[in-house]
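Please open the model in your viewer and keep the selection tool at hand. The stops below follow one another, and each tells you what to select.

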Amino acid sequence: MDTKQPGLNFWQIWNVSFGFLGVQFGFALQNANVSRILSDLGADLHSLSLFWLVAPIMGLIIQPIVGAASDRTWNRLGRRRPYILAGAIAAAIGMFLMPNAPLFVALMTPMIFGALMLALMDASFNICFQPFRSLVSDMVPPRQRNIGYSVQSLLINIGAVIGSILPFLLTNVIGLENTAQLGEVAPSVMWAFYIGATVLLGSVIWTVVRTKEYAPKEYNYYKDVTDEPLPDTKQSIGQRFKAFLQLVANMPTTMKQLAVVQFFSWFSLYIMWVYTTPAITQHIWNVDKKWFDPGYLSTLAVIPQEIVLAKGAAGDWVGILFAAYSVFAAVFSVFLARLADKFGRKLVYSLSLLAGGLGYVSFLVFQDLTPTNVDLLITEVTVPLGAVKLLIPMIGIGIAWAAILAMPYAMLAGALPPQKTGVYMGIFNFTVAVPQIVAGLFSGYILSAVFDNEAKYIIVVAGVSMIAGAMAVFFVKEPDQPASGQE
């Protein structure tokens with residue numbers, strides 16, 4: 001198989017994944033700002049994790065369906081590209097509408113409308129995610145798989161850097177307001193979502209136009225597949241569901257073992273995305289936890305200006321921190337393929353997760369309220385010194401994030417039958433969605449019942465989970481060679 005399929009040059013590999021830059025741009029904007037938006041619209045800390053459940057539930061439902069559908073799709077636009085384009089269009093619509101939730105108050109409360117738009121965005125992002133990963137598996141030969149997924153990881157993190165930092169730039173460079181009273185959305189966040197939607201569409205269109213997928217006969221020849229994966233329109237829904245369950249039951253051993261690693265990794269990531277904003281607002285900006293209680297806030301005519309400013313500044317700094325870990329991830333992605341080739345995927349993957357776990361745990365160390373001026377090249381801001389020190393754990397988190405985006409898929413791709421890559425990549429998303437659902441159901445309860453809404457401690461829980469994932473990597477057995485025509 002490895003000698004049949006032609007190799008791709010660097011720019012061909014780049015074009016295959018370039019649209020993922022825009023998708024991750026939008027996803028990063030969501031990750032860094034949705035907790036902020038929902039809090040401003042009236043959500044409390046306990047319910048934040050429940051709102052965020054929308055994301056993994058959408059992934060759990062949509063990615064296997066899209067994966068199976070794209071395996072059976074062959075049309076003028078290709079096999080994976082129709083789904084990537086459709087998902088991007090729907091995501092852009094959600095990104096335009098979500099920050100305008102207060103305008104729809106006549107139809108429903110802004111918080112509920114915001115949650116619905118979060119569901120639309122997440123569904124749309126998930127429509128894009130799986131076909132992009134399958135597109136790399138389709139187009140990149142096995143000998144280039146490490147570099148293929150590493151380039152994808154690099155582009156993902158470039159998009160994440162820009163998306164994460166954008167609200168900060170719009171405030172500190174352009175001069176847009178970054179604060180909001182209860183029931184409103186800050187103008188800097190609104191415009192960031194508008195820009196993100198535009199970038200998302202543009203980059204996806206680039207991949208759709210610049211990447212030509214293999215025709216069925218070419219694909220089957222390169223992948224040693226004897227039967228063309230054409231749609232079976234005669235099967236009933238019950239028969240298709242039974243066949244799907246059989247695929248799940250017969251998933252490759254490597255996939256089952258990676259599922260354990262994925263559980264601990266994505267449990268941690270979910271907690272970080274949901275609770276970093278309240279954690280650093282409390283821990284670094286010294287804002288009392290009562291200011292995250294909508295019941296208390298509803299008794300006030302106006303929230304004190306110093307609290308509004310502190311929460312706005314902390315929310316912007318979360319964008320800086322998320323951009324920072326994406327920068328470190330992008331840098332590490334450049335070396336990831338070579339490190340995996342030299343030392344093995346398992347060792348590199350495990351040490352990367354360990355670095356991320358230690359980064360989360362170290363959040364507790366960096367409380368320092370001393371005001372300090374920070375020169376960010378394009379602007380200078382005054383923040384607590386502890387906020388600057390939090391850039392240190394972002395190094396480890398970035399290393400872990402780069403590995404999470406590339407290593408499981410590089411390890412898994414060789415274990416999958418080529419004609420079922422899409423559906424199995426979709427099923428593999430269970431290992432991304434389920435841990436997030438578990439975290440969403442229980443992290444809010446743990447935060448309130450165990451830690452009395454002190455959000456910094458739930459970040460430490462994330463660190464312990466990531467370290468457990470690092471240990472689980474060593475129990476994964478990689479196949480000696482890619483599977484071909486396996487049933």
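How many salt bridges does a search of the whole structure find? The search finds five, where a salt bridge is a side-chain nitrogen of Lys or Arg within 4 Å of a carboxyl oxygen of Asp or Glu. This is a predicted model, in which local features need pLDDT of at least 70 and side-chain atom pairs count only at pLDDT 80 or more, while totals for chains, interfaces and linings use all residues. Residues are numbered from 1 along each chain as its sequence is written, and side-chain values use heavy atoms, with hydrogens and water left out.

Select Arg79 and Asp138, whose side chains meet in a salt bridge (3.7 Å, N to O). Arg79 lies in the loop between helix H3 (54–71) and helix H4 (81–97), and Asp138 in helix H5 (residues 110–139), so this pair ties together parts that are 59 residues apart in sequence; helices here are DSSP runs (H or I, at least four residues), numbered from the N terminus.

Next, select Arg81 and Glu213, which form a salt bridge with the closest N and O atoms 3.4 Å apart. Arg81 counts as buried at 8% relative accessibility, and Glu213 is buried with a relative accessible area of 10%, buried meaning under 20% relative accessible area (1.4 Å probe, protein chains only).

Conventions: Helix = DSSP H or I, 4+ residues; strand = E, 2+ residues; numbered from the N terminus. Buried < 20%, exposed > 50% of the residue type's maximum accessible area, 1.4 Å probe, protein only.
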